[in-house]
Amino acid sequence: MKKRRLISQIYPSYLLVAVAAIIAVASYAAVTISRYYNAHTRTELTSAARISAEHFRTLVSAGTNGSAGFLDGRNVDAFCKASGKGSGYRFTFILPSGLVLGDSEADPVAMENHGDRPEIRDAFAGRTGVSTRFSHTLGEKMMYVAVAVKDDRGQPVGVMRTSLSLSVKNEAFGLLWHRIAIASLVIVCLAAIVSFFVSRRIAGPLEEIRLGAESIGKGNLNEKVPPSGLAEIDVLADTINRMADQLNERINIVTQQRDEQNALLSCMVECVLAVDTEKRLIKMNKAAQDLFRADVSAYGRNVMEVIRNNDLLAVITSALESPEPVEGDIFLQAEERYLHAHGAVLSGADGGRIGAVMV
């Protein structure tokens with residue numbers, strides 16, 4: 001299985017978090033602005049409708065016996081068209097029968113009955129009617145707000161409705177989303193750059209630690225892992241450096257002990273050799289090499305492959321099997337010499353048997 005590098009795992013995570021945060025903030029901002037715009041539009045339409053309704057209420061109060069009979073269709077339509085001309089809103093006056101008496105955008109005579117409109121029903125019921133839907137008259141989506149016009153007796157004589165096309169909002173939101181998309185893209189690019197450098201800032205020191213550990217593993221114990229400036233990573237670097245120092249110190253001690261041991265063995269006139277539990281040769285001094293005509297290249301091979309002598313094999317076998325030191329005679333036929341051999345068990349640091357030594 002191919003292993004991924006650390007930076008290839010950290011960098012996408014940072015970038016994903018940044019992109020998710022940007023999308024969340026942009027979406028929240030867009031939703032908040034949309035709600036604010038709708039609420040603001042509703043407030044403005046309500047204010048315009050109430051002002052217009054107050055105008056018609058005054059006309060009704062000034063009319064004959066304060067009734068709606070004073071309202072003239074031409075005057076109402078003229079007022080609606082004049083009001084809508086400079087405000088950008090659409091003004092519509094509807095009678096209790098649903099008949100449109102005046103409209104700022106269309107000929108009221110040609111308009112259908114509005115008695116079934118939800119905002120009109122709410123207004124005649126004494127509430128402020130609010131509705132958002134598609135207008136077949138203007139061919140676009142509109143927001144409607146309707147308030148009742150009442151006479152002096154408190155009876156509704158009509159409904160004043162104001163409306164605004166939401167195409168303006170859609171255009172504004174299209175521009176807003178365009179700007180948000182550009183800003184988000186710029187922020188994502190900046191986040192990608194920053195995330196890359198942050199990832200490198202973390203992965204770089206770890207890569208140096210890896211290289212340093214590989215160098216130490218190859219025997220360069222004087223190699224030091226440089227500090228990174230990151231506390232957590234520097235702890236690991238210091239641990240590796242201390243480990244390398246301790247390992248170097250122990251190797252020096254072992255090397256010194258080995259050299260002293262070799263020097264001691266080389267000075268001995270007695271032949272010394274050691275085997276493991278499988279009777280493989282693991283050590284012999286110079287006297288043994290000269291006597292048996294062997295060298296260090298024989299280490300690791302079975303002793304009988306190096307020294308073909310049954311007497312020696314018997315003493316080695318006895319030494320490996322006996323807990324006490326053993327002795328025996330060895331006859332070298334080629335040299336016609338007799339040797340007296342002493343054998344003992346070799347024990348490891350844990351006390352376990354690891355082989356035997358012969359002198």
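Tutor: One cut-off to begin with: buried means under 20% relative accessible area, exposed means over 50%, and partly exposed is in between. This is a predicted model.

Student: Okay. Where does Arg258 fall, buried, exposed or partly exposed?
Tutor: Arg258 has a relative accessible area of 45%, so it counts as partly exposed.

Student: And which residue forms a salt bridge with Arg258?
Tutor: Asp259 does, with the closest N and O atoms 3.3 Å apart. Asp259 is partly exposed too, at 40%.

Student: How many salt bridges are there?
Tutor: The count comes to 13. One of them joins Asp77 and Lys81, at 2.9 Å from N to O.

Student: Where do Asp77 and Lys81 sit?
Tutor: Both lie in helix H2, residues 73–87. They are four residues apart, about one turn of the helix. Asp77 is buried at 15% relative accessibility, while Lys81 is partly exposed at 33%.

Student: What about Arg153 and Asp151, how far apart are they in their salt bridge?
Tutor: 3.5 Å, N to O. Arg153 is exposed, at 59%. Asp151 is buried, at 8%.

Student: Which residues are linked in a network?
Tutor: Glu112, Asp116 and Arg117, through salt bridges.

Student: Which residues of H8 are buried?
Tutor: Leu312, Val315, Ile316, Ala319 and Leu320. They cover an arc of only 135° around the axis, so they sit on the same side of H8. On the other side, Asn310 and Glu321 are exposed.

Student: What caps the N-terminal end of H8?
Tutor: Asn309 does. A side-chain oxygen of Asn309 lies 2.9 Å from the backbone nitrogen of Asp311.

Student: Back to Met358. What does it touch?
Tutor: Leaving out residues up to four places away in sequence, its contacts include Val315, Ile316 and Ala319. Cys271, Val272 and Leu273 are also among them.

How values were computed: Residues numbered from 1 in each chain as written. Predicted model: local features only at pLDDT ≥ 70, side-chain atom pairs only at ≥ 80, totals over all residues. Heavy atoms only, no water. Contact = heavy atoms within 4.5 Å. Buried < 20%, exposed > 50% of the residue type's maximum accessible area, 1.4 Å probe, protein only. Helix = DSSP H or I, 4+ residues; strand = E, 2+ residues; numbered from the N terminus. Arc of directions from axis to C-beta. Polar contact = N/O pair within 3.5 Å; in protein donor to acceptor, adjacent residues only side chain to side chain. Salt bridge = Lys/Arg side-chain N within 4 Å of Asp/Glu carboxyl O.
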